[in-house]
Amino acid sequence: MAFKDILVYVDATATAPACLSVATNLAETHDAHLTALHVSPPPFVMGDFGPGGAAEVIRWQEEQTRQLAARAEQQVAEARQRSGRDIEWRRAAGEILPTIRLHGHYADIVVVSQGGREDEPVSVDLLPETVAMGCGRPALIVPAYGKYPQLGDRVLVAWNRTREAARAVHDALPILTRARTVQILEVNPPSGGEPHIAGADVALHLARHGVKAEVEAATVSDIDTAATILSRAADLGSDLLVMGAYGHSRLREFTLGGVTRHVLKHMTLPVLMSH
Amino acid sequence: MSYKDILVIADDAKSAPIRLDVAAALASAHGGHLVALHVHERPYLPAELGQGFPAAMVDWQESVMREHARNAKNAVEAAQRRSGSTFEWRETEGEAISTTLLHSRYADLVVSSQGRAEDEGYDDYVTEELIMGSGRPTLVVPSYGKFPTVGERVLVAWNRTREAARAVHDALPILTRAKAVRIMEINPDRGDTHVAGADIALHLARHGVKAEAGSTSAEDIKAGDVLLSRAADLGADLIVMGAYGHSRLREYAFSGMTLHLLRHMTVPVLMSH
């Protein structure tokens, strides 16, 4: 079981090289085809700019998107050099989020940046949640700061027996089967009347896939769940967190659950999220 | 890539032998562990009757449940003899839907029946809840019919949504073993320069699946009919499709196409949400 088709979004910002590194390493491990996508949105004009003004604004915007695309393509070329791997460059035109979502359907996993850096105003807002909630594929979210040369060796799985956690665990199998250690953290396992050990069933199921996992339980009050998970990841020296992404879609946006939002904002390690 | 853990719903409905046989065949093809799950609901004790609830009533309810469990187990044992596959019999107590959903999350694939009014004893809500709430693919087996093969000739309904992406990827263990895979895009967007379904065929090729892509148009209300009709034309023994809907209080409101397939399926359908 391996990833065969990986998609990485390259946004031409300072976060892109780290995403590209994570993606090329993953592609190397799985001998997968890697596509680097950059989307150029159509120009739009808001307000009155006088005669000929609108055309000028459009020309300016088109120049900006051209420059961004050129920078993204350069980042991909550099990643090819560094990794020695072939990367398919794909520039698409359209509204950014829907276009990324569409291309994401054709991948096994989509690598994106956490984004949100104040020094990078052009980074795509809401990208991680759009991919996690809308592609029907797992999102591998790379923190906006830092480098992550090792990913998937020491994995922490946050398990809470929901459909989203089931999605994430199964999506992560190609990584879990190759990991050196897999720790399952069951947060707030139900007590009383449940004879099984927290997380034990999932460990047994993973064992059938050849994954040897250790299980631990944590009881926390609701507000602490995300902090507990991230803190445990730090204690364990984890290099990847696997968890479900919770929320629902409202028209064109997603309303995310509290734990999901907190982790997206404060992640200190790459996170694989699925919905 | 194969299904290592397959869960099949075990009960004493008329559709049970058909569903158990399909599950056994899949487990055999994938070398997977097969679990037959039977959930008893705890006897119903109306709160208002409190202490005075006759013990005889409770005993009667329990004996009915024991009989259902006995019949379900007999059906599983018969399926075991027919197929030569081993089922792990798992009998547990709890609220039917939530318990079934919980167990489903530890499986790679869940096998359930279509459920229809005439299929006595089958809880059709189970199938709907599994599709929408398990987070795993559900192989829905028609309540009637014989299905000597499942997954040799597969029709994949593709429409570029997250649900379809889920279904296709969930079905990979089947698609990689199939003799023929046909991708059908119903009502592909006008003005697209790419061949309908072609990107998904290329992606599947990277997984070693050789698929033929095609498209068709149909008025929305007829899309389900068109899909079933194509499946028949192609001699498909399995349909793979996304399941669309959202929850409405205690029920799910499914899209027209999903509902149509659930009601009228003629071959097993693998659905994912």
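This is a predicted model: local features need pLDDT of at least 70, side-chain atom pairs count only at pLDDT 80 or more; totals for chains, interfaces and linings use all residues.
Chain A is divided into two domains, with domain 1 spanning residues 5-142 and domain 2 spanning residues 154-274. The centres of domain 1 and domain 2 of chain A, taken over C-alpha atoms, are separated by 27 Å. Between these domains, 13 residues of domain 1 of chain A are in contact with 17 residues of domain 2 of chain A. On the side of domain 1 of chain A that touches domain 2 of chain A, the elements giving two or more residues are α1, α4 (127-134) and β5 (139-142) of chain A. By class, this side of domain 1 of chain A has 9 nonpolar, 3 polar and 1 charged residues.

The axes of α1 (residues 16-30) and α2 (residues 53-83) of chain A come within 10 Å and cross at roughly 45°. Helix α1(A) is therefore oblique to α2(A), and the crossing of α1(A) and α2(A) is right-handed. On the α1(A) side, the residues that meet α2(A) are Ala16(A), Pro17(A), Leu20(A), Thr24(A) and Glu28(A). Their counterparts in α2(A) are Ala72(A), Gln75(A), Val76(A), Ala79(A) and Ser83(A). The residues of the contact of α1(A) with α2(A) divide into 6 nonpolar, 3 polar and 1 charged.

Another helix pair in chain A is formed by α8 (residues 225-236) and α9 (residues 258-266), whose axes come within 8 Å and cross at roughly 45°. Helices α8(A) and α9(A) are therefore oblique to each other. The crossing of α8(A) and α9(A) is right-handed. Thr225(A), Ala226(A) and Leu230(A) of α8(A) make the contact with Val259(A), His262(A), Val263(A) and His266(A) of α9(A). The contact of α8(A) with α9(A) contains 4 nonpolar and 3 polar residues by class, and no charged residues.

In chain B, an open sheet of 10 strands has mixed pairing and the order β3-β2-β1-β4-β5-β12-β9-β6-β7-β8. Strands β3 (87-93) and β8 (211-216) of chain B are the edge strands, each pairing on one side only. On average, neighbouring strands of this sheet are turned by 25° against each other, direction ignored. Within the sheet, β6 (residues 153-158) and β9 (residues 238-242) of chain B pair in the parallel sense over 3 bridges. Leu155(B) has Ile239(B) as its bridge partner in β9(B).

Helices of chain B pack on this sheet. Helix α5 (residues 162-170) of chain B touches β6, β9 and β12 (269-272) of chain B, and the direction of α5 makes about 140° with that of β9(B). Helix α1 (residues 16-30) of chain B lies across β1 (5-9), β2 (33-40), β4 (109-113) and β5 (138-141) of chain B. The angle at which this α1 helix runs to β1(B) is about 175°.

The contact between the chains takes 21 residues from chain A and 21 residues from chain B. On the side of chain A that touches chain B, the elements that give two or more residues are α5 (163-171) and α7 (200-208) of chain A. The residues of this side of chain A divide into 6 nonpolar, 6 polar and 9 charged.

Methods:
Residues are numbered from 1 along each chain as its sequence is written. Chains are lettered from A and ligands numbered from 1 in the order in which they are written. Two strands pair if DSSP finds at least two bridges between them. Helices (H or I, at least four residues) and strands (E, at least two) are DSSP runs, numbered from the N terminus. Axes are lines fitted to C-alpha atoms, for helices over the stretch in contact, and angles run from 0 to 180 degrees between N-to-C directions. Two residues are in contact if their C-beta atoms, placed from the backbone, lie within 7 Å. Angles under 35 degrees count as roughly parallel, over 145 as roughly antiparallel, 65 to 115 as roughly perpendicular and the rest as oblique. A crossing is left-handed if the near helix is turned anticlockwise from the far one by less than a right angle, and right-handed if clockwise. Ala, Val, Leu, Ile, Met, Phe, Trp, Tyr, Cys and Pro count as nonpolar, Asp, Glu, Lys and Arg as charged, and the others, Gly among them, as polar. Domain bounds come from an automatic or database domain assignment.
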